[in-house]
Amino acid sequence: MQEKKRILVVEDEKNIAAVLAYNIRKEGYECEIAYDGETGLEKALEGSFDLVLLDIMLPKMNGFEVCEKIRYRSEVPIIFVTAREEEKDRILGLETGADDYITKPFSFKELMARVKANIRRSSGEIAKAVEVEEAPICVGDLVIDKTRFSVKKNGEEVELSRKDYDLILFLAENLGKAYSREDLLQRIWGYDNYYGDIRTVDVTVSRIRKKIEVDPGQPEYLLTRRGIGYYLNDIPPVREEN
Ligand code: CA
C-alpha cells in the first residue's frame with residue numbers, strides 16, 4: 001500500500017488551520033499543524049513531510065525566517081500562504097527559496113492544485129534520481145548534474161531552490177529554444193495560468209540570473225527572447241566536471 005503524503009501546515013489562526021487540515025485530510029493526505037514559527041521549523045526539519053504550507057505572520061518566528069532556515073537543511077517543497085498584497089510583493093522580491101505562494105482568500109481547489117503539483121514534481125525528481133546515472137549537461141562554465149540535482153559554476157556549487165533548478169534543467173535540456181512564460185509556468189510549476197501567476201517565472205529567472213550571471217543586468221546564459229520568452233544560451237562547455 002502506498003504511504004500517505006504528509007503535509008505540514010504552519011498557521012497561527014486556529015480556525016484557518018483547522019479548515020486547512022480538514023480539507024487536506026479529506027484529499028487523502030496526512031496533516032499536522034504547527035501554531036507558531038519555531039514549532040513549524042522544528043517539525044519541518046524532522047524530515048517526514050512532503051510539503052509545507054507556511055503562513056507569514058506567525059508568532060515566535062515569521063514565515064520568511066522559517067523558510068530560510070528550512071532551506072539550510074531541506075529541499076521540502078514550501079508554499080507560502082499570504083494574506084496581503086504587500087506580502088506577495090515581498091515574496092516575489094525575496095530570495096527565501098520558497099517554491100510557490102498563494103494569496104488569501106483562496107479556493108481550496110486552487111490550493112490543492114498547487115499542493116499536488118509541487119508534491120508531484122518533488123517526488124518525480126526523487127524517482128528519477130534512483131533511475132539512472134546521467135551525464136551532466138555542460139553549458140559554458142555551468143555543469144548541470146541531474147543525478148545530484150546540482151548546478152555548478154566554475155566548479156562551485158550554485159545554491160538553488162527547487163524551482164530554480166527545475167527551470168535551469170528544463171532549459172538546458174532544450175538548449176537554445178525559447179519558451180513563453182505561460183509555457184514554463186505549466187511545465188515547471190505544473191499548473192495552468194488560471195492557477196499560476198506568470199510573474200513567478202520572471203522572479204525565478206531574475207533570481208537565477210543573480211546566481212549564475214557575471215552581470216545579471218547583461219545576462220549571457222539565461223536570456224530573454226523578445227516577444228517570446230526565455231531560453232538558455234547554447235555556449236560551448238569551457239570545463240569538464242571534476
Ligand atoms: Ca498568521
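Reader: Which residues of H6 are buried?

Author: This is a predicted model. The buried residues of H6 are Arg162, Lys163, Asp164, Tyr165, Asp166, Leu167, Ile168, Leu169, Phe170, Leu171 and Ala172. Because 11 of the 12 residues of H6 are buried, this helix is largely enclosed by the rest of the structure.

Reader: What span should helix H6 have, and what do its end C-alpha atoms show?

Author: Start with the general idea. An α-helix has 3.6 residues a turn, so residues three or four places apart point the same way. For the case here, helix H6 covers residues 162-173, and at 1.5 Å a residue its 12 residues should span 16 Å. The end C-alpha atoms of H6 are 16 Å apart, which agrees.

Reader: How many residues does the largest nonpolar core have, and which have the most contacts inside it?

Author: In soluble globular proteins, nonpolar side chains tend to be buried together. Here the largest nonpolar core has 27 residues, and Ile144, Val151, Leu171 and Leu184 have the most contacts inside it. Two or more residues of this core come from each of strand S6 (137-139), strand S7 (142-145), H6, helix H7 (181-189), helix H8 (199-212) and strand S11 (229-232). H6 gives the largest share, 7 residues.

Reader: What is leucine 184 in contact with?

Author: Leave aside its neighbours within four places in sequence. Leucine 184 is then in contact with Leu167, Phe170, Leu171, Tyr179, Trp189, Val201 and Tyr230. There is also a second, separate core of 20 residues, which includes Leu58, Met61, Phe64 and Ala98.

Reader: Is glutamate 11 buried or exposed?

Author: Glutamate 11 has a relative accessible area of 2%, so this residue is buried. Its place is the loop between strand S1 (6-10) and helix H1 (14-26). A polar atom of the glutamate 11 side chain lies 3.1 Å from the backbone nitrogen of glutamate 13. With neighbours within four places in sequence left aside, the contacts of glutamate 11 are Ile16, Ala17, Ile33, Ala34, Tyr35, Asp55, Leu58 and Lys104.

Reader: What about cysteines: how many disulfides are there?

Author: A disulfide needs a pair of cysteine sulfur atoms within 2.5 Å. By this rule the count is 0 disulfides. As for burial, cysteine 31 counts as buried at 9% relative accessibility. Cysteine 67 is buried too, with a relative accessible area of 0%.

Reader: In what order do the strands of the open sheet of 4 strands lie?

Author: Strands of a sheet pair through backbone hydrogen bonds, either parallel or antiparallel. In this open sheet the order is S6-S7-S8-S9, and the pairing is antiparallel. S6 and strand S9 (156-157) are the edge strands, as each pairs on one side only. Strand S8 (residues 150-153) pairs with S9 over 2 bridges in the antiparallel sense. Lysine 153 stands opposite glutamate 156 in S9.

Reader: Where is asparagine 154, and what is its phi?

Author: Asparagine 154 is in the loop between S8 and S9. Its phi is positive, about 50°, although asparagine 154 is not a glycine. Asparagine 154 is partly exposed, with a relative accessible area of 44%.

Reader: Is lysine 60 buried or exposed?

Author: At 63% relative accessibility, lysine 60 counts as exposed. Lysine 60 is found in the loop between strand S3 (51-55) and helix H3 (63-73). Lysine 60 has a positive phi of about 75°, although it is not a glycine.

Methods. Residues are numbered from 1 along each chain as its sequence is written. This is a predicted model: local features need pLDDT of at least 70, side-chain atom pairs count only at pLDDT 80 or more; totals for chains, interfaces and linings use all residues. Side-chain values use heavy atoms; hydrogens and water are left out. The expected span of a helix is 1.5 Å times one less than its number of residues. Buried means under 20% relative accessible area, exposed over 50%, partly exposed in between (1.4 Å probe, protein chains only). A nonpolar core is a set of buried Ala, Val, Leu, Ile, Met, Phe, Trp, Tyr and Cys residues joined through side-chain atoms within 4.5 Å. Contact means heavy atoms within 4.5 Å. A polar contact is a pair of N or O atoms within 3.5 Å; within protein, one must be able to donate a hydrogen and the other to accept it, and residues adjacent in sequence count only if both atoms are side-chain atoms. Two strands pair if DSSP finds at least two bridges between them.
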